[in-house]
Amino acid sequence: MGGSRRDMPTLYGIVQYWRGRYDEVFPNLKAAYIGWGEPFCFRCGWLAPVDDTQATLAQIWNSARGWLDRAHLQDLALGGSNGSENLVPLCRQCHDIMDPCDSRAEAIAYVNDGVPVDSWWQMHTDAIFNSEANLDVPHKTKIMRDVYTRWVEQMRMIEAAKRGNPQAVKRLEKLLEWARRTAEREGRHFPVTIDDLRGSHPV
Ligand SMILES: [Zn+2]
């Protein structure tokens, strides 16, 4: 990505642009269901872990920086602008796998074709990032990548445990025990058991 981020509108500036006109361009946007009070990825609908009780929508959305990128539709290097009409909030995962688009239409199709966020990933990030809301942007980016890498590994382990791999079952039991203890120490209830994970994936 070339160009200067200083020329770019804030996340809230981008949202202000889309609020009145998203349904013509992004008909399946999460805002249609939940409104604008919680910052979300325009592609997968992942909710950023921010304090949504802040006084204004501007504060709420702008505090999601680092969890949500200001992604260019038409790539900057391929002639795209830094204007709000060419920008959307995307989570790290959706932005990382987005190929540079030479047309706005191609990028809009990419956003609209997004599969809704995996509910395990949403629960996982809610639990992990809730207490980390005050990190600076580069730190958020790094921690998000680290957590995602570990999560992908854990999902592989769960799949192996479901297939009956004994080492995977053992590691998973240990992990769940750790999660349960951590939750108890923080006064939370940890509802997931190994039997839940052996059952179906929540939708
Ligand atoms: Zn996303």
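This is a predicted model: local features need pLDDT of at least 70, side-chain atom pairs count only at pLDDT 80 or more; totals for chains, interfaces and linings use all residues.

Student: Why are D96 and R92 called a salt bridge?
Tutor: The cut-off is a Lys or Arg side-chain nitrogen within 4 Å of an Asp or Glu carboxyl oxygen. The side chains of D96 and R92 have an N to O distance of 4.0 Å, so the pair counts under that cut-off.

Student: What puts D96 and R92 about one helical turn apart?
Tutor: Both sit in helix α5, residues 92-96, and 4 residues separate them, which means about one turn.

Student: What makes E177 and R180 a salt bridge?
Tutor: Their side chains meet at 2.9 Å, N to O, and the limit is 4 Å, so the label applies. R180 also forms a salt bridge with E184, with the closest N and O atoms 2.8 Å apart. In helix α9, E184 and R180 are 4 residues apart, about one turn.
Tutor: Elsewhere, salt bridges with shared partners join D69, R92, D96 and R145 into one network. The structure holds 9 salt bridges.

Student: How do you know that R180 and E177 are partly exposed?
Tutor: R180 has 33% relative accessibility and E177 has 28%.

Student: Which atoms coordinate the zinc ion?
Tutor: The SG atoms of C41, C44, C91 and C94 do, at 2.3 to 2.4 Å. A donor has to be within 2.8 Å of the metal, so these qualify.

Student: And why is the site of the zinc ion called tetrahedral?
Tutor: Four donors count as tetrahedral if all angles lie between 85 and 135 degrees. The angles among the 4 donor atoms here are 105 to 115 degrees, so the site passes. Along the sequence, the donor residues follow the spacing C-x2-C-x46-C-x2-C.

Student: What does the pair C44 and C91 tie together?
Tutor: C44 is in the loop between α3 (31-34) and α4 (57-62), while C91 is in strand β2 (residues 87-91), so the pair ties together parts 47 residues apart in sequence. Both C44 and C91 are buried.

Student: Which residues of helix α6 are buried?
Tutor: In α6, residues 104-112, they are A107, I108, Y110 and V111.

Student: What puts those residues on the same side of α6?
Tutor: The arc they cover around the axis is only 155 degrees, which puts them on the same side of the helix. Their cover includes α2 (22-25), β2 and α5.

Student: Which residues touch the most other members of the largest nonpolar core?
Tutor: Of its 57 residues, those are F26, W36, F42, W46, L68, V88 and L90. The elements giving two or more residues to this core include α1 (11-19), β1 (68-72) and α7 (119-129). With 9 residues, α8 gives the most.

Technical notes. Residues are numbered from 1 along each chain as its sequence is written. Side-chain values use heavy atoms; hydrogens and water are left out. Buried means under 20% relative accessible area, exposed over 50%, partly exposed in between (1.4 Å probe, protein chains only). Donors are N, O and S atoms within 2.8 Å of the metal (3.2 Å for Na, K and Ca); water is not among the atoms, so sites may look incomplete. Four donors count as tetrahedral if all angles lie between 85 and 135 degrees; four count as square planar and six as octahedral if opposite donors are over 155 degrees apart and all others between 65 and 115; anything else is irregular. The arc is that of the directions from the helix axis to the C-beta atoms. Contact means heavy atoms within 4.5 Å. A nonpolar core is a set of buried Ala, Val, Leu, Ile, Met, Phe, Trp, Tyr and Cys residues joined through side-chain atoms within 4.5 Å.
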